[in-house]
Amino acid sequence: MRTITVKGTGSVSARPDYIALTLTIEARSPAYDAAMERASERIGLLEDMAEDLGFEKEVLKTVSFRAEEDYEHTRDEQGRFQRRFVGYLCSYRLKLAFDFDSKRLAEVLSAIACSGADPELGISFTVKEPARISEDLLTSAAVNARGKAEVLCRASGVGLGQLLSIDYNWGELNLFSRTQYEVEDRLRPLMVSSGCSMPSFVPDDIEVSDTVTFVWEMKE
């Protein structure tokens, strides 16, 4: 049995409709209990902030937690490397996601800055339903591959037969816009003040592509 193997390339463009904020809290202390307590207090401030903004309590998700010994790295007078234990480090990474709205984003950033929690902040623009994007992408790849296979078979004077196999690597897609949005901490409280106009904006579209390998039988 003769076969034809074709790689289909799928491409999808999607407009971001979801905002994902990552908020990293780090607390250090010579005592483990004190580091944990400081981190908990700052997370509590973020939870209160989210509730004051009208979010459900469960909207603030914990993405990762890490507790470890903390060391200071220095060099002595002879230039030799020194590693000295100074205490403990407690780190939380949280996520706050909500529907895209530029004015709502400004309100949230301002509230975070005024909360006293002082997290390290990351801002991403993505899609609320990634499964739909994945489905559209695979459909596009399948159509592309079949079109190539039909052209090659016609040119070779044979017919396209039964589909024999599909090979696809189910990796995670990067469904984030390239748009970068940064505001200095001290300026965030001004974003929703009466004297400051916050312009609306539209993030750049998310462009994704992927490949799938198809194998068909060739008919005489």
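I take a residue as exposed when its relative accessible area is over 50%, and since I am working from a predicted model, I keep that cut-off at hand for the first entry.

**Glu 120**

I looked up Glu 120 and found it in strand S5. Its relative accessible area is 58%, so I noted Glu 120 as exposed. Leaving aside residues up to four places away in sequence, I found that Glu 120 touches Thr 22, Leu 23 and Thr 24. I also checked Glu 120 against Leu 60, which lies 60 residues away in sequence and 15 Å away in space, C-alpha to C-alpha.

**The sheet**

I next traced an open sheet of 3 strands, whose order I read as S1-S7-S6 with antiparallel pairing. The edges are formed by strand S1 (3-14) and strand S6 (159-167), each of which pairs on one side only. On average, and with direction ignored, I found neighbouring strands of this sheet turned by 35° against each other. Helix H3 (residues 130-156) packs on the sheet, where it touches S1, S6 and S7, and the direction of H3 makes about 140° with that of S1. Between S1 and strand S7 (residues 206-219), which run antiparallel, I noted 12 bridges. As one point of reference for this pairing, I recorded that Val 12 has Val 208 in S7 as its bridge partner.

**Aromatic pairs**

My count of aromatic pairs came to 12. I found both Phe 55 and Phe 98 buried.

I then turned to Phe 125 and Phe 201, which form an edge-to-face pair at 5.6 Å centre to centre with 80° between the planes. Here too distant parts of the chain are linked, since Phe 125 lies in strand S5 (residues 120-126) and Phe 201 in the loop between S6 and S7, 76 residues apart. Phe 125 has 1% relative accessibility and therefore counts as buried.

I also followed the ring pairs that link Tyr 32, Tyr 71, Phe 85 and Tyr 88 into a cluster. Over the face of Tyr 71 I found Arg 83, at 3.6 Å from the ring centre. The charged end of Arg 104 sits over the ring of Phe 55, 4.5 Å from its centre.

**Salt bridges**

I listed 10 salt bridges in the structure. One of them joins the side chains of Arg 66 and Glu 68, at 2.8 Å from N to O. Arg 66 is partly exposed at 38% relative accessible area, and Glu 68 is partly exposed at 34%.

Another joins Asp 99 and Lys 128 through their side chains, at 3.2 Å from N to O. I noted that this pair links distant parts of the chain, with Asp 99 in strand S4 and Lys 128 in the loop between S5 and H3, 29 residues apart.

For Arg 132 and Asp 136 I recorded a salt bridge at 4.0 Å, N to O. Because these two residues stand 4 residues apart in helix H3, Arg 132 and Asp 136 are separated by about one helical turn. Finally, I traced one network in which salt bridges that share partners join Glu 26, Arg 28 and Asp 70.

Definitions and conventions
Residues are numbered from 1 along each chain as its sequence is written. This is a predicted model: local features need pLDDT of at least 70, side-chain atom pairs count only at pLDDT 80 or more; totals for chains, interfaces and linings use all residues. Side-chain values use heavy atoms; hydrogens and water are left out. Two strands pair if DSSP finds at least two bridges between them. Axes are lines fitted to C-alpha atoms, for helices over the stretch in contact, and angles run from 0 to 180 degrees between N-to-C directions. Contact means heavy atoms within 4.5 Å. Rings of Phe, Tyr and Trp (its six-membered ring) pair if their centres lie within 6.5 Å; planes under 30 degrees apart count as stacked, over 60 as edge-to-face and the rest as tilted. Buried means under 20% relative accessible area, exposed over 50%, partly exposed in between (1.4 Å probe, protein chains only). A charge sits over a ring if NZ of Lys or CZ of Arg is within 6 Å of the ring centre and within 35 degrees of the ring normal.
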